[in-house]
Amino acid sequence: MMGSERGYRSRDYWFAFYFSLLFFGNQTLAELRYSLPEEMKEGTIVGNVAKDLGLEKTSLIDRRFRVVSGSKDAFFEVNPDNGALQVRKKIDREELCHGSGVCLMELKILVEDPLEMHHVVVEITDVNDHSPSFSEKEQQFEIAEHTSLGTRFELHAARDPDAGINSIRTYTLTSNDHFEIEISQSDDDKIPFLVLKKSLDREQRNTLALIVTAVDGGKPQRSGILNVSIIVIDINDNRPIFSQDTYHIEIYENLPVGTIVTRVNATDPDEGTNGELEYSFSRTLGRKVYEIFELDNLSGKIKLKGVVDFEDSEIFKLDVQASDKGTPPLTSRCKVIVKIKDENDNHPEIEVTSLSNTVPEDSKLGTVISLISMTDKDSGVNGKIISRISEDVPFELKASYKENIYSVVTKRFLDREEVSHYEITITATDCGEPPLSTVKTLNIQISDVNDNRPHFSQNPLQFYLLENNIAGHSIVSVTATDKDVNENAAVSYHIVRGRSENDLTIFLNINSDNGHISALKSFDFESLKTFQFQVVASDSGTPSLSSNVTVNVFILDQNDNAPVILYPVSSNGSAEGVEEVPRNVNAGHLVTKVRAYDADIGYNGWLLFSLQEVTDHSLFGLDRYTGQIRTLRSFTETEEAQHKLVILVKDNGNVSLSATATVMVKVVEPKEAFAAADVKSATKDEEDNNVTFYLMITLGSVSTLFLISIIVLIAMQCSKSTDYTSKYIQEPNYDGTLCHSIQYRSGEKRYMLVGPRMSIGSTIVPGSHANTLMLPDRRTPGEVRQNPLLQNMFTGEPFQLPPESIC
């Protein structure tokens, strides 16, 4: 580039030099004329100047063939090799030649030796390289919708730098119903106008967007556009129009206050105040509509102001009007129909129309005790009721011919003694979602019927009574229970009287109200061991029911008999005797044996012997259980000839009773002892006969009573359905004291009653340790009845007597 600039400067100098030469004496030899379109690219050949001038191509370099020009911008140059004139720089005709006329460029071609100056004129022809353009891209018009037809509105004119046919030829307008374009010629300019050919209606179309196009005459044609906006100005010529004449709305009941029910929408094609709308309810609506609904006068939203209840009203009809703010205002109306949809918001209701609170226990199956009706204010499935009754009661629901009406009837037999009161739960559930339920409870009392006999807890009953009871006092008590109530359970008692002369029931009296039995006489164990009678318990129902029980009373022994000395006994009846012992006897010699008897039995009849007085304790000894008196050592020569022994015999009663016997022991020589023995033997035979007679009477009495006791016990065992049996074995044993024992078995245990009489106080368990003695409680007759040990000989822990204590 720098080299080119230097070349241009040297050329300018040469151009000035040759110009002066030409001006002062030389003339132009030739003038050439060429035509070239604008915007041709560099290097484009305009024409071959050397050829057209008749110059030799080979001499062009030597003659310095060149273009000389005074312009700063050299648009052309010649090629010294071939003499062609070519474009050196791109040419813009509109920039070079302002205007629409012919654009010419004059060039001077200089050659030297000889010096020649040739003129070359290059005409730059126009190329359609510019589009028409508007000074503004958009033009806006405000036209009232009542504007007259034919009104003209001037548009902006377009400009195009091109000339001739390439300049603006015409204007066009986009197709529309309201406007057309007209062109007015002013000098060289064409001015476009919009002409209203059809009335405007803002409500149909409030704006129009038109495009004006300016087109030139080039090929291809070029164009420019102008956006034309038409704003239609409104007048109040339209009423509001609702989107619907009738709005049908469905809502659920119980929606929260403030919920939007719907929105009415009206439109007014007018604008401004002419199109501003206000909504309101018609003044002819009922007061209830205003209490439940409210209308936003600007937005048209209808909201809930109060609670909607389907059961109260199923449908609401609202009249809504819309008014614009034009002058005068225009109004239109629509109807809003609100249908309320049911929601499951009501619990079923159970109504007891009739009820029998008390039902006899002998009621037949299917007896109606109550009538029930059920209702639900909801509708459809929400009002459909399913009923059920509690399963653990002997009642059921029976449907009637009419829906939701039921009867409660018995389905099983009733028994007041098992269940006297029922709480019947009836549940009604609707079929809504979620389902709602109601529960009703019926309290049914079962009334009593005399269908139960008095009942004794045990039959037979066994009681134990201490002898010597106080006449007139209660000895035993019987109690029967009755599962019935009131008079059906009021039990009275009486004793079944026998007809025999020996019937003991004549000595018994019973309290009919409480079953306490008192004896009119005192019983003696030694004369009566047991007796039996029957008691009948009757209720007060109609008809009366009764049951009886066998009562076995066992008389228990008391220590009311003192021991009786059977030996020694003197001729005057006192307990005294004389025994002769040879002096030469050894230690352990049996001197004599004191024999005693106690009418009591058991512990009360158990006798113990002890020495109260003795002349020499080292000489004689007494066995405390058998009453045998033996020598403890041999007699000495200096021993006294007579010794006195006082023996105390006492029983083991709670309050011990006793007797004493005196034995005089004479120590004799052996010969005298044998003679005395003969005399004594005769005397003793007589005494033994008397003793034997008494013993036989006693044994006969005891055996008779014992046999009676066995028969009674066997009869009792046969009448009882128990799991035990009794076997009695009599074992008489007489050795100084009359004794006997009774053995019996209960389950796996064997028991023995020991003593002169059968007594619970002397029970022995064979096989156990024989040194343990259990003493009976010393209780009053009333305490004996309540003592399990004394009331039942087959219960409690047994006690034992040592073998040597059995008499």
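These legends walk through close-up views of aromatic rings and charges over rings in a predicted model.

In this predicted model, local features need pLDDT of at least 70 and side-chain atom pairs count only at pLDDT 80 or more, while totals for chains, interfaces and linings use all residues. Residues are numbered from 1 along each chain as its sequence is written, and side-chain values use heavy atoms, with hydrogens and water left out.

**View 1. The tilted pair F134 and Y171.** The structure holds 12 aromatic pairs (rings of Phe, Tyr and Trp, the last by its six-membered ring, with centres within 6.5 Å; planes under 30 degrees apart are stacked, over 60 edge-to-face, the rest tilted). Here the ring centres of F134 and Y171 are 6.2 Å apart and the planes meet at 50 degrees, so this pair is tilted. F134 belongs to strand β8 (residues 133-134) and Y171 to strand β12 (residues 168-173), 37 residues apart; strands are DSSP runs of E, at least two residues, numbered from the N terminus. Both F134 and Y171 are buried (under 20% relative accessible area, 1.4 Å probe, protein chains only).

**View 2. The edge-to-face pair F153 and F179.** With centres 6.5 Å apart and planes at 70 degrees, the rings of F153 and F179 are edge-to-face. F153 sits in strand β10 (residues 152-154) and F179 in strand β13 (residues 179-186), so the pair ties together parts 26 residues apart in sequence.

**View 3. Charges over rings: R152 with F193, and K521 with F507.** A charge sits over a ring if NZ of Lys or CZ of Arg is within 6 Å of the ring centre and within 35 degrees of the ring normal. R152 lies over the face of F193, 4.2 Å from the ring centre. For K521, the charged end is over the ring of F507, at 4.8 Å from its centre.

Notes
Helices (H or I, at least four residues) and strands (E, at least two) are DSSP runs, numbered from the N terminus. Buried means under 20% relative accessible area, exposed over 50%, partly exposed in between (1.4 Å probe, protein chains only).
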